[in-house]
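Reader: Could you take me through one part of this structure in detail? I would like to look closely at the place where the two chains meet.

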Amino acid sequence: MKELMGLINIEHEHDFLEELTYFRCGAATPFAGRYRLIDFTLSNMVNSGVDEVAVFTNHKYRSIMDHLSTGADWELARRHGGIFILPPDWNDPSDISKGDLRHFHNNRDYFHRSTAEHVVISGSQFLANMKYERAFERHLETDADVTCITVPVENVLPEHSPQLRINEDENGWVTGFSNDPENKNVFSNVYIIKKDLLLKLVDQCIAYHKDHFFMDGIKDNLPDLAIQSFHYRGYTMFINSVESFYRNNMSLLEPDHFKSLFFKNHYIRTKTSNEPPVKYKEDSSVSSSMLANGCVVEGEVQDSVLFRGVNVAKNATIKNSVIMQRCKVEEGAYLENVILDKDVHVSSGQKLIGSKEKPFIAAKRQRI
Amino acid sequence: MKKEIVGMLLAGGEGKRLGLLTKHLAKPAVHFGGKYRIIDFTLSNCSNSKIHTVGVLTQYSPLELNRHIGIGKPWDMDRQRDGLATLSPYTAQDGGSWYKGTADAISQNIHYIDQYDPEYILVISGDHIYQMDYRKMLEQHKETGSEATISVMEVPWDEASRFGILNTRENLEIYEFDEKPANPKNNLASMGIYIFTWASLRNYLIEDMKKEDSSHDFGKDIIPAMLNDDHRMFAYRFDGYWKDVGTVKSYWEANMDLLEEDLSLSLNNREWRTYSHDSHYPPHYVDQDGKVNNSLVTSGSWISGSVNHSVLFERVDIGKGSVVEDSILHPSVSVGSDCTIKRAIIMEETVIPDETVINGEQYDEPVVINQQNIADFNGVKGGR
C-alpha cells in the first residue's frame with residue numbers, strides 16, 4: 001500500500017463554543033469525559049497506520065500544544081515522522097498567500113520530506129471511530145485525484161447545515177458540491193488527495209490570490225479533477241455549535257451510541273493523566289452517566305458526563321449536564337442542563353438550571 | 001555520575017501465600033487498587049521523594065513485571081544517565097547464580113551501585129502498600145549519624161509476636177532485633193525499609209557473601225551482624241498507613257481499606273500521587289439500571305448491575321441484575337447477568353456466565369477465581 005500522511009487543518013474553524021472557546025480553539029474543546037475534539041481525528045489517523053501528522057493551527061493554540069505535546073500518547077513521538085504542530089509563523093517578505101494557503105505554502109517542507117504519495121486531510125469537528133484504510137483502498141483502486149468521505153444521514157440536523165453536500169454518479173464520482181439542505185449526502189471535511197496534486201493546486205490557488213484550499217483548489221476545480229465520494233455509514237457526529245456540542249454529549253449517554261463511538265474498531269486516544277479510579281461513597285446515586293477517572297461522588301448524578309477529577313458532594317444533584325475537569329460541586333447544589341468548563345466551583349446550595357435548547361454555561365475557573 | 005542516594009527495590013519474590021494470584025506473575029506485579037500494581041506504590045514513593053536512581057531486582061516470573069515497569073516512564077525515571085534499571089540475575093565469567101536472598105540480590109549488584117558512588121542506599125521491597133517520604137527518613141539518618149536506619153511502625157502489643165521487632169532505647173537507637181518474638185519487649189515492627197551508609201553496608205555484604213551458612217537475608221543476617229559490631233543504628237518512626245499484602249486475606253483487606261473514609265493513604269492526594277500506566281479506555285458508564293456505592297470503578301467499565309463495597313479495575317462489565325459485594329474484579333473481567341458475587345477476587349479476563357453464584361463469605365479467605373477454576377464453584381449453573 002502506498003503511504004498516507006496526515007494533516008489536521010483547523011485554520012478555517014471558528015470559535016463556535018462561546019464561553020468554552022474564549023481561551024482555546026474549537027479543536028481543543030473537551031468532549032465526552034476525557035477527550036478533546038481533535039483526539040477523534042488524530043486517533044483515526046494513527047489507527048489507520050498514518051505515522052506522520054501535521055496540525056495547522058492559527059490562534060489560541062496553547063491548549064492544542066499542551067494537549068498534543070510530543071504526540072507520545074498517540075504513539076507519534078517518533079525519530080522520523082510523528083507529530084508536527086505548525087502554528088502560524090512565517091517571515092517570507094515575498095509571500096503573497098492568504099488564508100490556509102499560507103500554511104500550505106510555508107510548510108511545504110512537511111510534504112516534500114515525506115515519502116508518502118497521498119495525504120489525508122481533516123478538520124476537527126467531524127467525530128467518528130473509523131479507519132481510513134477502506135477509503136484509501138478505494139482512492140487507489142479508482143485512481144481518484146481526491147476522495148471525499150461523506151456521510152449519508154437519515155435526518156438532517158442543525159449541525160449538518162454548514163457542511164457541503166455532495167452529488168455523485170452511480171460509480172461514486174462526484175458531480176457537484178452544493179449547500180442544498182435537502183441533500184442528505186453530507187461531506188465530512190475528510191478527504192484524501194494525491195500529494196503532487198495538492199502541491200500543484202496550492203501554487204495555482206496562490207497565483208490566483210485565493211484563500212481557501214478546499215473551496216478554491218478542489219471544489220472550484222471539480223471539472224478538471226476526478227473526485228470520488230466514499231460513504232461512511234458508522235456512528236458520526238458534527239460538533240460546530242454549543243447546541244450540537246451539548247446534544248451530542250447527551251446523545252452519547254445512549255448505550256448504543258456510546259458503544260459505537262468507543263468500543264468499535266479501536267480506542268480513541270487522548271492525553272493520559274494518571275487519575276485514580278472513581279471513588280463512589282456510601283450515599284452516591286449515579287445512573288445513565290459516564291464518569292472519567294479521578295472523580296469522587298457522594299451525591300446524585302443522572303444523565304450526565306463527568307470529566308476527570310470532578311467532585312460531587314453529599315446531597316448535590318447533577319442532571320443532564322456536562323461537568324468538565326476538576327469542577328467541584330458542593331453540598332446541596334442543584335445543576336440541570338448545565339455545562340461547566342474546567343475548574344468551576346459551585347458552592348453549597350446553589351441552583352443552576354438551563355434549558356435543553358440553551359444550556360447554562362459557566363466559563364473556566366468561575367466560583368458560583 | 002555521583003548520586004547521594006540510590007534506591008534498591010526488591011521485586012523478585014514469589015509471594016507463595018498469594019496462591020493463584022502469583023501463579024504466573026511476580027507479587028509486585030499483582031493488580032491492586034483499581035488501576036495499579038503493587039509495585040507502583042514504592043516506585044511512586046521514590047519518584048515523589050526525588051530518588052530517581054532506582055535498581056529494581058527481579059527474579060520470579062518477571063515478564064509482566066518487566067513490561068509494566070519498562071524504562072520507568074510513569075515514574076519519571078526514564079532518564080539519560082541514571083533512572084530505573086532492571087537488575088535480573090545474570091551470568092558472568094565466574095559463572096553466576098540466582099539471587100539467594102535479599103542481601104545477596106544487592107551483593108550481586110554492587111557494581112551497579114558503585115557506578116553512582118552514593119553516600120547512602122535505600123533498600124525497599126516492592127510488595128508493600130504505603131505512601132512515605134524517604135527524604136525525611138534520610139534526614140534522620142544523617143542527623144543521628146547512623147550506619148543503618150530502619151523504618152518502624154507501632155503495632156498492637158498482642159500482635160507484636162507476628163513481626164520482626166526492633167528493641168530500642170528511648171532515643172530510638174536499636175540495640176536488638178527480635179524476629180517474631182514469643183515475649184516481645186517492644187512493639188515497634190520493622191517495615192522492611194532500610195537506609196544504609198553505603199561504605200559500611202558494602203563491607204558487610206562482601207563478608208556475608210563469603211559465609212556459607214548465611215541465608216543472605218537483611219533481617220536474619222546483615223542487621224544482626226551490624227548490631228553485633230555495635231554500629232549506630234536507629235529506628236525511624238512511621239505513623240501512616242502501611243500494609244504487607246502477603247496473603248490473599250491481607251491483599252483483600254488492603255484493597256478494601258482504600259474504600260475507608262479516613263484512611264491516611266489517599267489515591268486522590270495531589271501532593272503525593274500514585275503513578276501507573278494509563279490506558280486509552282473511555283470513561284466508565286453506569287446505565288439506568290446500574291447502582292454503585294462505596295466502591296472504586298475504573299475507566300472502560302460498564303455497570304448494569306449493582307456494585308457495593310468493591311474494587312473494579314479497567315474494562316470490567318457487570319451485567320443486568322447482578323450483585324457484586326466485597327469483591328475485587330481485575331481488568332477485563334466480564335460478569336454476566338443475574339450473578340451474585342460476594343467476597344471474591346476475580347482474576348484478569350475471567351468470563352462469568354449468567355446466574356453464577358460465588359459466595360466467599362463461607363470461607364476464611366476470600367475466594368480467588370480464574371477462568372480455570374470457575375466451573376468448580378458450587379452454585380454455578382452447570383457446574384458440579
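Author: Happy to! About 3200 Å² is buried between chain B and chain A, and carbon and sulfur atoms give 50% of that area; buried area is the accessible area (1.4 Å probe) that two parts lose on being put together, summed over both. Please keep in mind that this is a predicted model, in which local features need pLDDT of at least 70, side-chain atom pairs count only at pLDDT 80 or more, and totals for chains, interfaces and linings use all residues. Residues are numbered from 1 along each chain as its sequence is written, chains are lettered from A and ligands numbered from 1 in the order in which they are written, and side-chain values use heavy atoms, with hydrogens and water left out.

In terms of contact (heavy atoms within 4.5 Å), 38 residues of chain B touch 39 residues of chain A.

Two salt bridges are counted between the chains, each a side-chain nitrogen of Lys or Arg within 4 Å of a carboxyl oxygen of Asp or Glu. One salt bridge joins the side chains of Glu261(B) and Lys281(A), at 2.9 Å from N to O. On the side of chain B that touches chain A, β16 (284-286), β17 (291-293) and β18 (295-297) each supply at least two residues; strands here are DSSP runs of E, at least two residues, numbered from the N terminus.

Notes: Helix = DSSP H or I, 4+ residues; strand = E, 2+ residues; numbered from the N terminus.
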